[in-house]
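Please keep the sequence and the model in view while reading.

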Amino acid sequence: LWLCKCDCGGTTITSGTSLRRGDTVSCGCMRQEQINNAKKVLTIDKSIDGVQIPLLTKKVRSDSKTGHKGVHERNRNGKIVYEVSITLKGIRKYLGSFSDLNKAINARKKAEEEYHLPYVNALKEKENK
């Protein structure tokens with residue numbers, strides 16, 4: 001471990017590996033600046049009409065029972081059903097309840113094409129300009 005003195009005068013203890021890889025660049029004084037920069041990139045550079053595109057295209061959560069975003073397994077009176085929803089601009093739209101997982105997944109994919117794809121394509125066009 002290394003005791004490092006930051007440009008601001010603060011100190012931090014870190015590993016040599018963390019220093020070599022560039023994981024540690026300050027004592028923590030730059031953390032808020034990094035957070036603010038990440039927020040700026042997300043809200044300005046990676047947004048279209050107030051919709052943050054990385055949130056639309058992120059991977060499914062590891063604790064998802066179905067393995068698909070917006071498709072949730074529910075137990076209703078002893079029967080397994082799959083509820084499908086999609087969210088855009090903070091508004092959740094309920095797409096239905098299905099007894100078959102494949103039908104639920106198809107409903108979600110169709111909704112993604114209808115609701116999310118125009119924003120994803122608009123960001124690609126914005127980045128290409």
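The accessible surface of the protein amounts to about 9,600 Å², and carbon and sulfur atoms account for 50% of this area. The model is a predicted one. Of its 129 residues, 23% count as buried.

The protein contains four helices and seven strands. Read from the N terminus, these elements follow the order β-β-α-α-β-β-α-β-β-β-α. The globule rule gives 14 Å for 129 residues, whereas the radius of gyration of the protein is 22 Å, well over that value; the protein is therefore more spread out than a compact globule. The C-alpha trace spans about 60 × 45 × 20 Å along its principal axes. Among contacts between residues at least 6 apart in sequence, 28% join residues that are at least 24 apart.

Which residues make up the largest nonpolar core? This core has eight residues in all: I48, V51, I53, L56, L88, Y119, V120 and L123. At least two residues of the core come from each of α3 (53–57) and α4 (101–128). The largest share, three residues, is supplied by α4.

Leaving aside residues up to four places away in sequence, L56 touches V51, K69, T87, L88, H116 and Y119.

Notes: Residues numbered from 1 in each chain as written. Predicted model: local features only at pLDDT ≥ 70, side-chain atom pairs only at ≥ 80, totals over all residues. Heavy atoms only, no water. Core = buried A, V, L, I, M, F, W, Y, C linked by side-chain atoms within 4.5 Å. Buried < 20%, exposed > 50% of the residue type's maximum accessible area, 1.4 Å probe, protein only. Contact = heavy atoms within 4.5 Å. Rg over C-alpha atoms; globule rule 2.2 N^0.38 Å. Areas by Shrake-Rupley, 256 points an atom, 1.4 Å probe, with all protein chains shown as cover.
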